[in-house]
Amino acid sequence: MTTSARFLLFDPVGNAWPAVRLPQVAFAGRSNVGKSSLLNALVGQSRLARVSNTPGRTRGIALFEVEGRFAFADLPGYGFAKVSRSEREAWKGLVEGYLEECESLRRVYLLVDARRGPEEEERQLAAFLAARAVPYRWVGTKGDKLSAREKVAAAARFDGEPWLAGGGPVLLTSARTKAGIDLLWRDVRAAFSP
Ligand SMILES: Nc1nc2c(ncn2[C@@H]2O[C@H](COP(=O)(O)OP(=O)(O)OP(=O)(O)O)[C@@H](O)[C@H]2O)c(=O)[nH]1
Ligand SMILES: [Mg+2]
């Protein structure tokens, strides 16, 4: 299924996103975790958000209009070892500024490679959102790389991780097989329902 979606803007410094007033959800997570791929899987367009094999390629916030009534934010990835301290600081300023100040932000999807589970950076980001009462959801990515047994173990890695606004288990997805995409859509729609 394809969903109407179009590129709105790419904001590398944080001065352009405030112009987008549409209600929005954001996709956050480590470099290479699969943020852009998941966004593409959601809208059923393989080339809307840019997917790359070079971690840390997306250095700004990309915003996409979806169904003409809300927006998806593809946030720049973190945790890529090869970036300098100043680049890390720039990332932090850009992402935290957006998460803190975007009044139309309804929910944040915290993407975690299902094979790894949440680590220190993910917990810090979750705590940052929790402290500001921004609802978030854990999403496991690249589920196609896991056997059935590994999927059970992967889900268990999220046990005890905090949830806001509703709760529930980690949403295990695969941009490749489209597993979990329907469930994720249901959650996205819930974020935009009054
Ligand atoms: N097997 C598998 N590979 C995936 C999946 N999703 C993404 N990938 C691969 O993982 C790599 C990174 O995907 P991206 O979507 O660019 O990841 P990103 O989080 O947007 O990366 P940055 O923008 O650099 O932070 C690409 O080579 C994708 O093909 C998935 O569900 N399954
Ligand atoms: Mg990306």
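User: Let's start with E67: how exposed is this residue, and how do I read that?

Analyst: E67 has a relative accessible area of 25%, so it is partly exposed. One caution before we go on: this is a predicted model, where local features need pLDDT of at least 70, side-chain atom pairs count only at pLDDT 80 or more, and totals for chains, interfaces and linings use all residues. Side-chain values use heavy atoms, with hydrogens and water left out, residues are numbered from 1 along each chain as its sequence is written, and chains are lettered from A and ligands numbered from 1 in the order in which they are written.

User: Which residue forms a salt bridge with E67?

Analyst: The general idea is that side chains of opposite charge can pair when their charged atoms come close. The rule here asks for a side-chain nitrogen of Lys or Arg within 4 Å of a carboxyl oxygen of Asp or Glu. E67 pairs this way with R189, and their closest N and O atoms are 2.9 Å apart. E67 sits in the loop between β3 and β4 (70-74) and R189 in helix α5 (residues 181-192), so the pair ties together parts that are 122 residues apart in sequence. By the way, helices (H or I, at least four residues) and strands (E, at least two) are DSSP runs, numbered from the N terminus.

User: How many salt bridges does that rule give?

Analyst: The count comes to twelve. Another of them joins R59 and E87, with the closest N and O atoms 2.6 Å apart. R59 is in the loop between α1 (35-43) and β3 (61-66), while E87 is in helix α2 (residues 85-101), so this pair ties together parts 28 residues apart in sequence.

User: And D187 with R137: are these two buried or exposed?

Analyst: Both D187 and R137 are buried. They form a salt bridge too, with 3.0 Å between the closest N and O atoms. D187 lies in helix α5 and R137 in strand β6 (residues 136-141), 50 residues apart, so to speak a link between distant parts of the chain.

User: Which residue has a positive phi of about 60°?

Analyst: That's K142, although it is not a glycine. You'll find K142 in the loop between β6 and α4 (148-156). K178 is another non-glycine residue with a positive phi, near 70°, and it is found in the loop between β7 (171-172) and α5.

Definitions and conventions
Buried < 20%, exposed > 50% of the residue type's maximum accessible area, 1.4 Å probe, protein only.
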